[in-house]
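This report describes how parts of a protein model are arranged. Please look through the sequence and the 3D view before reading on.

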Amino acid sequence: MSFQVGQELKTLMKPAFTRNALKAYAEASGDKNLIHLDEEFARQAGFPSVIVHGMLSMALIADQLLYNFPESEYEIARLKSRFRKVTFPGDELLCGGSVKKILENGNLLVGLWAKNQKGETTADGEAEVRLRN
Amino acid sequence: MGMETSAENNGASRSIPSGVIEVEEKPISRQDLEAFASATLTQNSHSIPLTFPTTFRRPEFQWLDRLKVDMHQLLHTDQEYEYLTPLEVGDVPVIRTRISDFKERKVRQGRLAIVVLESEVSCQGVLKLRCLTTFVLRESGVAP
């Protein structure tokens, strides 16, 4: 499968985040910062409720990347994400992206994003993708 | 914010705490990978999920502890992984983390500090990946 510069990637929608999902992620990742788990702690930090781990959003972005660039054919050389807007339980993310350019080393530079149900970009980033030998 | 700062310049000050924190993790197990894939709703990775290295962040948290960061103030804003050699089940990750950048800025409501942590993850002596983590620390009263 070949990709062209400017080509849009297939999008991937994930179910809305739940508080239980945050607890499961905290256990699996080891990130037990109470801002993700404890309502009172989150309010003291200035948020209306607990917030979703940025890294959980990045995991969804990563899954969308591999949805487009299957591991059987491609390797990911680099993955970068910026968390632009806080995500809350109940939010659901649509992940997408596009091919930005072909780098001198032949790798593809891919732009990535995650948007919430309001169409707001909650995270974006980029990845460098190469064909497997 | 409980962090040392040095000479100020146009409202920004900078001081990079020195040193490296090194931690050896337990071997990567299939059970851990399955739990992580399940918790992240990962469907398209059949090896090590791309963000699984987030489980290697103990040195980062130790740095935050050493810097006496109030976790109420902490926001994770950026993450980058450079994958050099594939991780495998059974690998024993050794993580070496240092602070690669530290800036403090005055904003209208107070001060913000931006901390960048750089980690190298090696397994059995082979460098597997590099990680860059950026945190923003908000002074009390600065809106998220």
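## Terms and basis

Two strands are said to pair if DSSP finds at least two bridges between them. Helices (H or I, at least four residues) and strands (E, at least two) are DSSP runs, numbered from the N terminus.

This is a predicted model, in which local features need pLDDT of at least 70, side-chain atom pairs count only at pLDDT 80 or more, and totals for chains, interfaces and linings use all residues. Residues are numbered from 1 along each chain as its sequence is written, chains are lettered from A and ligands numbered from 1 in the order in which they are written, and side-chain values use heavy atoms, with hydrogens and water left out.

In chain B, strand β5 (residues 93–107) and strand β6 (residues 110–123) pair in the antiparallel sense, with 14 bridges. One bridge links K103(B) with I114(B) of β6(B). A hairpin is formed by β5(B) and β6(B), with 2 residues between them.

Strand β6(B) also pairs with strand β7 (residues 126–138) of chain B, again antiparallel, over 12 bridges. Here L112(B) is opposite R138(B) of β7(B). The hairpin of β6(B) and β7(B) has 2 residues between the strands, and Q124(B) in this hairpin has a positive phi near 50°.

## A residue in β7

L127(B) is a residue of strand β7 of chain B. Is L127(B) buried, partly exposed or exposed? Buried means under 20% relative accessible area, exposed over 50%, and partly exposed in between (1.4 Å probe, protein chains only). L127(B) counts as partly exposed because its relative accessible area is 27%.

Contact means heavy atoms within 4.5 Å. Apart from its neighbours within four places in sequence, L127(B) has contacts with L84(B), T85(B), E120(B), V121(B) and S122(B). Between the C-alpha atoms of L127(B) and I95(B), which are 32 residues apart along the chain, the separation is 9.9 Å.

The size of an interface is often given as the accessible area lost when the parts come together. Buried area is that loss for two parts, found with a 1.4 Å probe and summed over both. Chain A and chain B bury about 2900 Å² between them, and 58% of this is on carbon and sulfur atoms. Of the area that chain B buries against chain A, 21% comes from N44(B), L50(B) and H72(B), more than from any other three residues. The contact involves 37 residues from chain A and 31 residues from chain B.

A salt bridge is a side-chain nitrogen of Lys or Arg within 4 Å of a carboxyl oxygen of Asp or Glu. There are 3 salt bridges between chain B and chain A. R57(B) and D31(A) form a salt bridge through their side chains, at 3.6 Å from N to O. On the side of chain B that touches chain A, the elements giving two or more residues are α1 (30–39) and β4 (74–83) of chain B. The most comes from β4(B), with 10 residues.

Strand β2 (residues 74–83) of chain A runs antiparallel to β4(B) and is joined to β4(B) by 5 bridges. In one of these, L79(A) has Y81(B) as its partner.

## Helix α1 of chain A

Which residues of helix α1 (residues 19–29) of chain A are buried? They are L22(A), Y25(A), A26(A), A28(A) and S29(A). These buried residues of α1(A) pack against α3 (54–68) of chain A together with α1 of chain B. After α1(A) comes G30(A), with a positive phi near 90°.
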